[in-house]
Amino acid sequence: MSRSVRTRPEGSGRGLNEAYDTALLDLDGVVYAGGHAIAHAVDSLATARDGGMRLAYVTNNALRTPDAVAAHLTELGIPTGAEDVITSAQAVARLIAEQLPSGARVLVIGGEGLRVALRERGLEPVESAEDDPAAVVQGFGGPELPWGRFAEACYAIARGVPWYASNTDLTIPGARGIAPGNGAAVEVVRIATGAEPQVAGKPLPPMHRETILRTGAQRPLVVGDRLDTDIEGAFNGKVDSLLVLTGVTDGPQLLAAPPQHRPTYVDADLRGLLTGQPEVTGDAEGGFRCGGWTATAGGERLELDGEGAALDGLRALCAAAWTEGGERSCGLDSGKALARLGL
């Protein structure tokens with residue numbers, strides 16, 4: 001993928017499962033939500049896998065171990081081994097291990113996924129600031145994480161102990177809606193201490209490096225639902241991306257995306273892995289066309305004319321908005337145009 005400014009979603013004459021050797025799939029909001037498989041995910045992934053595409057599951061959620069994630073996916077009907085799962089816990093554990101001696105104690109503010117990843121790197125998880133930790137690591141600990149755990153982190157950080165975070169996602173999708181993520185918990189410690197953590201997860205390079213080291217992907221496609229983690233992570237890693245609209249990102253956010261948040265492809269769900277992607281044609285003067293739709297940017301809002309598949313209209317609108325925005329976010333009103341598409 002070029003680092004030049006993307007001004008429209010790309011087309012593909014082949015199914016994406018044929019054009020790329022490995023799908024680097026986010027989990028929450030892409031494969032499942034609230035523990036249940038998202039519509040079309042199981043069948044689409046089975047078809048992609050049977051066609052020769054490797055599937056790797058890349059998650060910023062550091063709570064569960066790769067074994068637990070793989071078991072859950074298998075229960076959902078997606079056969080998965082622990083080696084197919086890459087977590088931000090693994091990425092941050094490698095980052096810490098590269099900076100501390102083997103056997104160093106690390107205060108864990110999070111779940112079992114962090115503890116297992118630290119042990120894999122020869123580090124010793126501890127539970128208290130009084131255990132003389134050489135580092136503090138913070139990851140998503142689930143809704144039952146006691147408030148006192150944040151205090152332990154603060155006590156250690158106040159003594160000068162370096163602080164690491166698996167990721168800084170402010171939210172996480174669940175069965176009942178959007179809930180606070182690890183980034184919200186990191187903010188609690190940041191406010192209390194004034195410190196800044198070293199962060200490993202998407203969209204930062206340590207997570208992409210961990211993924212490539214563990215998968216050996218040559219032509220990877222990042223598949224995600226978040227612009228600020230999945231898509232920006234692909235941008236930083238100079239690889240292509242597919243945004244699916246089954247999680248956090250909605251139409252207005254996509255149209256307003258700055259360059260680092262603009263995906264290569266856009267589709268409704270994981271069925272988009274199995275199909276070609278329609279080309280967006282035209283220019284700012286004559287309008288951008290996809291399917292039966294033509295999108296333009298003018299005055300104070302985006303305009304959309306025509307009819308056809310809603311996703312084609314959205315792709316045309318992306319081209320109009322991203323061209324208008326250039327290297328910045330597009331500030332034009334998209335409400336009326338998106339309403340025509342039911343988005």
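**A walk through the predicted model**

Thr87 sits in strand β5, which covers residues 85–87; strands here are DSSP runs of E with at least two residues, helices are runs of H or I with at least four, and both are numbered from the N terminus. This is a predicted model, so local features need pLDDT of at least 70 and side-chain atom pairs count only at pLDDT 80 or more, while totals for chains, interfaces and linings use all residues. Residues are numbered from 1 along each chain as its sequence is written, and side-chain values use heavy atoms, with hydrogens and water left out.

Back to Thr87: its relative accessibility is 1%, so Thr87 counts as buried. The cut-offs are under 20% relative accessible area for buried, over 50% for exposed, and partly exposed in between, using a 1.4 Å probe and protein chains only. Setting aside neighbours within four places in sequence, Thr87 is in contact (heavy atoms within 4.5 Å) with Thr59, Asn61, Arg64, Pro66 and Met207.

Next comes helix α4, residues 88–97. This helix is mostly covered, with nine of its ten residues buried. The buried ones are Ser88, Ala89, Gln90, Ala91, Val92, Ala93, Arg94, Leu95 and Ile96.

How do two packed helices get described? For α4 and α5 (residues 112–120), the axes come within 8 Å and cross at roughly 40°. Axes here are lines fitted to C-alpha atoms, for helices over the stretch in contact, and angles run from 0 to 180 degrees between N-to-C directions. That angle makes α4 oblique to α5. As for the labels, angles under 35 degrees count as roughly parallel, over 145 as roughly antiparallel, 65 to 115 as roughly perpendicular, and the rest as oblique. The crossing of α4 and α5 is right-handed, meaning that the near helix is turned clockwise from the far one by less than a right angle, with anticlockwise giving left-handed. On the α4 side, Ala89, Gln90, Val92, Ala93 and Ile96 meet Gly113, Leu114, Ala117, Leu118 and Glu120 of α5. Sorted by class, this contact of α4 with α5 has seven nonpolar residues, two polar and one charged. Nonpolar covers Ala, Val, Leu, Ile, Met, Phe, Trp, Tyr, Cys and Pro; charged covers Asp, Glu, Lys and Arg; the others, Gly among them, are polar.

Another helix pair is α6 (residues 147–158) and α7 (residues 182–193), whose axes come within 10 Å and cross at roughly 45°. These two helices are therefore oblique to each other, and their crossing is right-handed. Trp147, Phe150, Ala153, Cys154 and Ile157 from α6 meet Ala185, Val188, Val189, Ala192 and Thr193 from α7. The contact of α6 with α7 has nine nonpolar residues, one polar and no charged ones.

Now for the largest nonpolar core, which has 28 residues. Such a core is a set of buried Ala, Val, Leu, Ile, Met, Phe, Trp, Tyr and Cys residues joined through side-chain atoms within 4.5 Å. Its members touching the most other members are Leu254, Leu255, Leu302, Leu304, Leu314 and Leu317. At least two core residues come from each of α9 (227–237), α10 (251–255), β17 (287–290), β18 (293–298), β19 (301–306), α11 (310–325) and α12 (335–341). Helix α11 supplies the largest share, nine residues. With residues up to four places away in sequence not counted, Leu302 touches Leu255, Thr296, Ala297, Leu317, Ala320, Ala321, Leu332, Asp333, Ser334 and Ala337.

Ser241 belongs to strand β14, residues 240–244. Its relative accessible area is 2%, so Ser241 is buried. Leaving out neighbours within four places in sequence, Ser241 is in contact with Leu221, Val222, Ile231, Ala234, Pro263, Thr264 and Tyr265.

Most residues other than glycine have a negative phi, and most peptide bonds are trans. His40, in the loop between β3 (36–37) and α2 (41–50), has a positive phi near 75° and is partly exposed at 38% relative accessible area. Asp132 also has a positive phi, about 55°, and lies in the loop between β7 (124–126) and β8 (135–138). With 61% relative accessibility, Asp132 counts as exposed. The peptide bond from Lys202 to Pro203 is cis, with omega near 15°, and Pro203 is in the loop between β12 and α8.
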